[in-house]
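Me: I've just opened this one and would like to learn how to read it. Can you walk me through it feature by feature?

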Amino acid sequence: MRVKSIFSSNLFRDRVAIVTGGATGIGAAIANELCYLGCNVMIASRNTERLKAAANAMNNNTELRGEASYVKCNIRSESDVKSLTKTTLKRFGKIDYLVNNGGGQFISPAEHISVKGWNAVIETNMTGTFYCSKQVYLDWMSKNGGAIVNISADNWRGIPGMAHTSAARAGVDNLTKTLSLEWVENNVRINSIASGVIDSSTSTARANYADPKIFDSTIKQIPASRLGLPEEISSCVCFLLSPAAEYITGETLKVDGGGSLYGSFLDAILKHTRRSGQPATSPK
Ligand SMILES: NC(=O)c1ccc[n+]([C@@H]2O[C@H](COP(=O)([O-])OP(=O)(O)OC[C@H]3O[C@@H](n4cnc5c(N)ncnc54)[C@H](OP(=O)(O)O)[C@@H]3O)[C@@H](O)[C@H]2O)c1
């Protein structure tokens with residue numbers, strides 16, 4: 001991956017970050033930019049092969065100044081999350097930053113979401129964010145401070161066709177506010193990014209599997225008239241982690257090309273899925 005960054009090249013030198021879901025898509029862009037800026041990065045998700053390939057590619061990229069390592073971790077499992085922080089501390093000695101990026105959902109009218117599917121999406125996108133935040137706080141940040149950024153989704157007017165993730169992301173927005181208040185005296189800042197539709201190769205493949213027209217039809221709802229890029233989320237993560245954002249906590253920043261101010265994804269997503277009446281993709 002070719003990495004570009006507008007930030008000073010040593011911004012995160014000798015810092016340590018955990019990036020969940022850091023082997024693919026938006027998470028990979030974040031992990032690469034952090035490493036480019038000197039940060040040592042632990043990427044964590046469920047698929048070991050993908051993690052290994054991503055960490056190797058980062059360590060073989062001479063433009064990156066930090067080191068990359070990986071841990072297999074299902075963020076829905078508290079014991080996996082405990083071993084993620086333990087392994088990171090053993091490998092890099094500290095945890096300055098956590099990026100809760102790992103997540104996922106599937107498209108379905110609400111009435112067709114099973115209990116299993118609902119729980120999987122809530123546990124991944126909301127409970128996983130809580131487990132990881134709590135564990136880095138207990139194991140490092142409560143005594144040493146730090147910064148957390150959650151990658152969430154633009155859900156201000158609901159996300160028709162994805163009731164589970166919309167509810168989970170609303171939970172993350174509130175968790176961001178609450179944890180920022182509880183942990184401010186320990187010098188821990190917590191912010192979120194409400195991502196609009198981003199053309200990560202993985203999200204594109206999934207959407208096309210669901211319906212090749214879905215992404216095209218969302219573009220009409222976005223004032224910027226295009227999808228966002230993973231690098232456009234990554235640069236905002238770097239800003240929120242950096243000292244430039246020292247006075248920002250408990251905030252959710254919308255990065256969506258103006259989408260939250262304008263169109264509705266109702267036509268784009270829900271009407272397509274209603275035609276089939278079935279979930280378009282299944283949770284793993
Ligand atoms: N692309 C968009 O338009 C968009 C918009 C709004 C929000 N988001 C959010 O942004 C984040 C990144 O999305 P993306 O587009 O880059 O898609 P992606 O490449 O599929 O990223 C999701 C990552 O999360 C990991 N993950 C999923 N479930 C996990 C679990 N239980 N434990 C640990 N890791 C898990 C996946 O790895 P494994 O499968 O190997 O575990 C994958 O690396 C996600 O939270 C997504 O919901 C994306």
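Me: How do the residues of the shell around the ligand divide into nonpolar, polar and charged?
Reply: Keep in mind that this is a predicted model. The shell splits into 18 polar, 8 nonpolar and 3 charged residues. In total, 29 residues surround the ligand, and the closest are Gly-21, Gly-25, Gly-102, Gly-103 and Thr-202. Two or more residues each come from helix 1 (25–36), helix 4 (115–144), strand 5 (146–153) and helix 6 (201–210). Helix 1 contributes the most, with 3 residues.

Me: On to the sheet. What is the order of its strands?
Reply: First the general idea: strands of a sheet pair through backbone hydrogen bonds, and they do so either parallel or antiparallel. Here you have an open sheet of 7 strands, paired in parallel, in the order 3-2-1-4-5-6-7. Strand 3 (68–72) and strand 7 (252–255) are the edge strands, each pairing on one side only. From one strand to the next, the twist averages 20°.

Me: How many bridges join strand 1 to strand 4?
Reply: Strand 1 (residues 16–20) and strand 4 (residues 97–100) run parallel and are joined by 3 bridges. Look for Val-19, which stands opposite Val-99 in strand 4. While you're at the sheet, find helix 2 (residues 48–60): it lies across strand 2 (40–45) and strand 3, at about 175° to strand 3.

Me: Which residues of the largest nonpolar core touch the most other members?
Reply: In soluble globular proteins, nonpolar side chains tend to be buried together. In this model the largest nonpolar core has 79 residues, and Ile-18, Ala-31, Leu-34, Val-41, Ile-43, Val-99 and Val-237 touch the most other members. Helix 4 supplies the largest share of this core, 9 residues.

Me: Is Asp-14 buried or partly exposed?
Reply: Asp-14 counts as partly exposed, because it has 14 other C-beta atoms within 10 Å, and buried would take 20 or more. Asn-187 also has a positive phi, of about 60°, although it is not a glycine. Asn-187 sits in the loop between helix 5 (163–183) and strand 6 (188–195). With 15 C-beta neighbours inside 10 Å, Asn-187 is partly exposed too.

Methods:
Residues numbered from 1 in each chain as written. Predicted model: local features only at pLDDT ≥ 70, side-chain atom pairs only at ≥ 80, totals over all residues. Near = placed C-beta within 6 Å. Helix = DSSP H or I, 4+ residues; strand = E, 2+ residues; numbered from the N terminus. Nonpolar A, V, L, I, M, F, W, Y, C, P; charged D, E, K, R; others polar. Pairing = 2+ DSSP bridges. Axes fitted to C-alpha atoms, helices over the stretch in contact; angles between N-to-C directions. Contact = placed C-beta atoms within 7 Å. Core = buried A, V, L, I, M, F, W, Y, C linked by C-beta atoms within 7 Å. Buried ≥ 20, exposed ≤ 12 C-beta atoms within 10 Å, placed from the backbone.
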